[in-house]
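Student: Could we go through this structure together? I would like to start with the strands and then turn to the charged side chains.

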Amino acid sequence: MDKFVIEGGVALRGEVEASVAKNSVLPLLAATLLTREPCRILDVPRLSDVGTMLTILRALGVECLHEEDGSVTTRVVDETKCEAPYKLVRTMRASICVLGPLLGRRRRARVSFPGGCVFGPRPIDLHLRGFRALGAELELEGGYIVGDARSLRGGEMYLGGPFGSTVTGTANVLMAAVLAEGTTLIDMAACEPEVQDVANFLVAMGADIRGIGTPTLEVHGVAELHGATYRPVPDRIEAGTFLAAAAITGGTVTVRKCRPDHLRAVTERLQAVGCRVKTGEDWVSCSRHARLQAADVTTLPYPGFPTDLQAQFMSVVCLADGVSVITEKVYPERFMHISELERMRSRIRKEGNCAIVHGTDWLSGAPVIASDLRASAALVLAGLVAEGKTTVRRIYHLDRGYERMERKLQHLGARIERVRDEDEGKGEDS
Ligand code: EPZ
């Protein structure tokens with residue numbers, strides 16, 4: 001296993017390019033199950049989650065290849081396989097996205113029930129509500145969801161839960177509805193750019209979906225879908241992470257090949273903490289010269305401030321002048337990064353789904369352990385500005401959603417190295 005070793009204190013300067021969005025690529029790959037014709041997803045980053053999804057697709061009778069040029073080509077060769085096994089699904093929750101296309105195309109599925117994760121329960125009741133509204137019969141047997149969709153037909157549904165809509169749930173249900181005879185109405189659909197991406201890919205494959213980007217989707221089922229080539233949207237979370245790196249280190253970073261319109265909630269908060277933000281057609285630049293100012297943030301479904309940037313923003317305000325309140329309205333328990341940030345001399349108090357951050361004027365480098373994908377990014381950001389050396393262990397969490405992050409940061413001047421972690425597993429707390 002690897003760890004990052006970071007020497008803090010460098011103000012990052014320069015340009016990086018955003019990769020395409022991990023949270024688009026994963027459901028898009030699942031959507032290729034909906035046709036026997038070849039599909040091609042362009043510019044796919046080499047992430048461990050992508051590798052996991054390709055392994056699951058192969059187990060479901062899909063020939064897939066991650067080409068040298070970054071594109072992933074897929075071709076379904078065997079539609080008799082309908083089981084997504086526990087050993088794969090448990091490593092990546094997004095595997096649940098194969099359930100919709102299996103029900104839509106093969107009319108049956110056996111998918112392991114995805115577990116929770118470190119930042120709290122990850123239910124799928126809204127997914128199941130949607131599939132049942134389409135006439136699918138779903139049972140839970142031995143930790144697997146067993147689905148029978150021979151009577152699949154259009155239906156009406158409301159996909160809202162206590163924390164808003166569901167991103168992968170909307171994509172999942174869409175991927176069944178597009179082949180369900182009749183009309184489907186999805187109310188309280190998620191509007192995230194990644195969900196819009198899945199809908200646009202399905203349309204490129206011949207689906208009939210109206211209202212894309214709004215909370216109300218209308219789907220007219222079709223008999224067949226054909227292959228398509230598609231470039232996913234840029235990763236707004238990766239882009240936001242690099243903009244936050246400029247904010248925390250007091251530098252100037254331009255992220256190219258991104259979508260400024262997907263980042264408005266983020267750039268607005270970066271300005272609130274005292275950064276200067278400029279945007280162009282496909283780039284955003286963030287610079288900070290004066291002391292960071294405290295600012296509150298509340299995470300909300302899109303177009304609100306994304307929960308996937310909450311941890312990174314917390315690292316930024318750890319160095320702000322004043323008290324910032326961070327309210328997590330999507331995953332109330334998503335605060336695993338607090339204890340590790342406290343090891344770096346930050347002052348944070350958790351109160352329910354809020355974190356009260358008393359800004360300090362410096363952070364201390366320390367050995368810290370990553371717990372999940374975005375918490376890892378927050379710890380790297382803190383290490384970039386902390387005095388002295390920070391080691392971030394269990395970097396495999398980071399590799400799930402950031403393609404060789406250390407190289408992009410080195411390109412911006414960061415003193416960061418990826419090294420083998422010889423001590424991994426020795427004398428660890430349980
Ligand atoms: C997607 O997860 C993303 N993952 C997450 O990104 C992201 O944090 C999340 O959306 C919110 O934006 C992928 O797209 C692969 P949800 P998802 O269903 O779809 C509750 C990352 O770091 N809920 O929109 O699983 C749920 O508990 C990852 O890249 C139900 O109650 O999230 C949560 O509180 C982490 N019932 C809220 O809704 C359900 O059936 C939003 O969940 C489903 C969800």
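Predicted model: local features only at pLDDT ≥ 70, side-chain atom pairs only at ≥ 80, totals over all residues.

Student: In what order do the 4 strands of the open sheet lie?

Tutor: The order is β4-β5-β3-β14, with mixed pairing. Strands (E, at least two residues) and helices (H or I, at least four) are DSSP runs numbered from the N terminus, and two strands pair if DSSP finds at least two bridges between them.

Student: Which are the edge strands?

Tutor: They are β4 (62–66) and β14 (229–230), each pairing on one side only. Strand β3 (residues 39–41) and β14 pair in the parallel sense over 2 bridges, and isoleucine 41 has tyrosine 230 in β14 as its bridge partner.

Student: New topic: how many salt bridges are there?

Tutor: The count is 31, where a salt bridge is a side-chain nitrogen of Lys or Arg within 4 Å of a carboxyl oxygen of Asp or Glu.

Student: Which residue forms a salt bridge with aspartate 43?

Tutor: Arginine 231 does, with the closest N and O atoms 2.5 Å apart. Aspartate 43 lies in the loop between β3 and α2 (48–59), and arginine 231 in the loop between β14 and α8 (236–249), 188 residues apart.

Methods. Residues numbered from 1 in each chain as written. Heavy atoms only, no water.
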